[in-house]
Amino acid sequence: MEEVNQSVVSEFIFLGLCDSWDLQAFLLVIYVVTVLGNLIIVVTVISDPHLHSSPMYFLLGNLSFLDIWLASFATPKMIRDFLSDQKLISFRGCMAQIFFLHFVGGAEMVLLVTMAYDRYVAICKPLHYLTVMSRRTCVGLVLVSWVIGFVHSISQVAFTVNLPYCGPNEVDSFFCDLPLVIKLACLDTYCFLLLLISYTVILITGAAGGVSKALSTCSAHIMAVTLFFGPCIFIYVWPFSRFSVDKLLSVFYTIFTPLLNPLIYTLRNKEMKISMKKLRKRHVTFH
């Protein structure tokens, strides 16, 4: 006899955050500022030969690129859903959100650890800095972060997509995430704690490694690592908690962290501000 596919759920319903129009407008402004802020950093790093050839700014440009994707995988749909009574997403769309969240999130975790290592080498081994952090090394580290993010994400989705979903189909958030969707499977969720092992390992190892190296470098990176890893550890190490604070942390992790990263790394960065002024002057002169 042929096996019957038990997954009868074709779409999921988001319970969302709330129905406040003020919140919708606020999040829309935050999203636009986040994308524009990170895009300016990417363009500035690419257009300035000095910054583009610097390992630190090369990594920062890649971090901003990832932050644009992190802010964009769910926020536009969340803002659009404010206008509809039912906040629906297809099964494939839900799996796509999980994939992009963990792909970009995993890559960013590895990249933050790489940036901590970059600052460690710059301060503790300044004479060997350009040799250790050569362009080839930096490109390789960025590619490694993307590969790790992809392998981590595809392994999560490959297990999750094959679970039987018979209902209910309500996701208590504004986007699909692994712990929330696994809880809806028609099997005991504790049988699937192994699905979270790879994320937990990346979180704990990355947080420990990133913070320990960052402690010997600069306060800006400590702040960035803390803001990124803190909410992730709470959400994924305790994935089946019922605390309402999870929604707040999800908003912070997916919307506010991509906004804070460019602010943290640029407000006190003299070289970046000078390059931005040059870029603005070139743009004004061109027009």
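Thr-75 is buried in this predicted model, with a relative accessible area of 1%. You'll find Thr-75 in helix α4. Set aside the neighbours within four places in sequence, and Thr-75 is in contact with Tyr-31, Thr-254 and Ile-255. Now try tracing from Thr-75 to Phe-175: these two are 100 residues apart in sequence, but their C-alpha atoms are 8.4 Å apart in space.

Let's zoom out to the whole chain. How many helices and strands does the chain have? There are 12 helices and three strands. The chain runs to 287 residues, and 49% of them count as buried. If you take the contacts with a separation of 6 or more, 79% of them are between residues 24 or more positions apart.

**How the helices pack**

| Helix pair | Packing angle | Distance between axes |
|---|---|---|
| α3 and α7 | about 20° | 10 Å |
| α5 and α7 | about 145° | 7 Å |
| α1 and α3 | about 155° | 9 Å |

Start with α3 (residues 55-72) and α7 (residues 135-160), which pack at an angle of about 20°. That angle makes α3 roughly parallel to α7, and their crossing is right-handed. Who meets whom here? On the α3 side you have Pro-55, Phe-58, Leu-59, Asn-62, Phe-65 and Leu-66, and they meet Arg-135, Cys-138, Val-139, Val-142 and Trp-146 in α7. Sorted by class, the contact of α3 with α7 has nine nonpolar, one polar and one charged residues.

Next up, α1 and α3 pack at an angle of about 155°, so α1 and α3 are roughly antiparallel to each other. The crossing of α1 and α3 is left-handed. From α1 come Tyr-31, Thr-34, Val-35, Asn-38, Leu-39, Ile-41, Val-42 and Val-45, and in α3 they meet Tyr-57, Phe-58, Leu-60, Gly-61, Ser-64, Phe-65, Asp-67, Ile-68, Ala-71 and Ser-72. By class, the contact of α1 with α3 has 12 nonpolar, five polar and one charged residues.

Then there's α5, which passes α7 in a right-handed crossing. The α5 residues in this contact include Met-95, Phe-99, Phe-103, Val-110 and Leu-111, while those of α7 include Leu-141, Val-142, Ser-145, Trp-146 and Phe-150. The contact of α5 with α7 counts 14 nonpolar, eight polar and no charged residues.

**A closer look at two residues**

Asn-62 lies in helix α3. Is Asn-62 buried or exposed? At 17% relative accessibility, Asn-62 counts as buried, because the cut-off for buried is under 20%. Leaving out the neighbours within four places in sequence, Asn-62 is in contact with Leu-111 and Val-142. Asn-62 is also 20 residues from Val-42 in sequence, with 7.4 Å between their C-alpha atoms.

Val-144 is found in helix α7. With a relative accessible area of 40%, Val-144 is partly exposed. Val-144 and Val-110 are 34 residues apart along the chain, and 8.2 Å separates their C-alpha atoms.

In soluble globular proteins, nonpolar side chains tend to be buried together. So what does this model show? The largest nonpolar core has 41 residues, and the members that touch the most others are Leu-59, Leu-60, Leu-63, Met-78, Leu-111, Met-115 and Met-272. Two or more residues come from each of α1 (21-47), α3, α4 (75-81), α5 (91-124), α7 and α11 (245-266). Which helix gives the most to this core? That's α3, with nine residues. There is also another core apart from this one, made of 20 residues, among them Phe-91, Tyr-165, Leu-178 and Val-181.

Beyond the neighbours within four places in sequence, Leu-111 is in contact with Leu-59, Asn-62, Leu-63, Leu-66, Val-142 and Ser-145. Click on Leu-111 in the structure and look for those partners around Leu-111.

How values were computed:
Residues numbered from 1 in each chain as written. Predicted model: local features only at pLDDT ≥ 70, side-chain atom pairs only at ≥ 80, totals over all residues. Heavy atoms only, no water. Axes fitted to C-alpha atoms, helices over the stretch in contact; angles between N-to-C directions. Helix = DSSP H or I, 4+ residues; strand = E, 2+ residues; numbered from the N terminus. Parallel < 35°, antiparallel > 145°, perpendicular 65-115°, else oblique. Left-handed = near helix turned anticlockwise from the far one by under 90°. Contact = heavy atoms within 4.5 Å. Nonpolar A, V, L, I, M, F, W, Y, C, P; charged D, E, K, R; others polar. Core = buried A, V, L, I, M, F, W, Y, C linked by side-chain atoms within 4.5 Å. Buried < 20%, exposed > 50% of the residue type's maximum accessible area, 1.4 Å probe, protein only.
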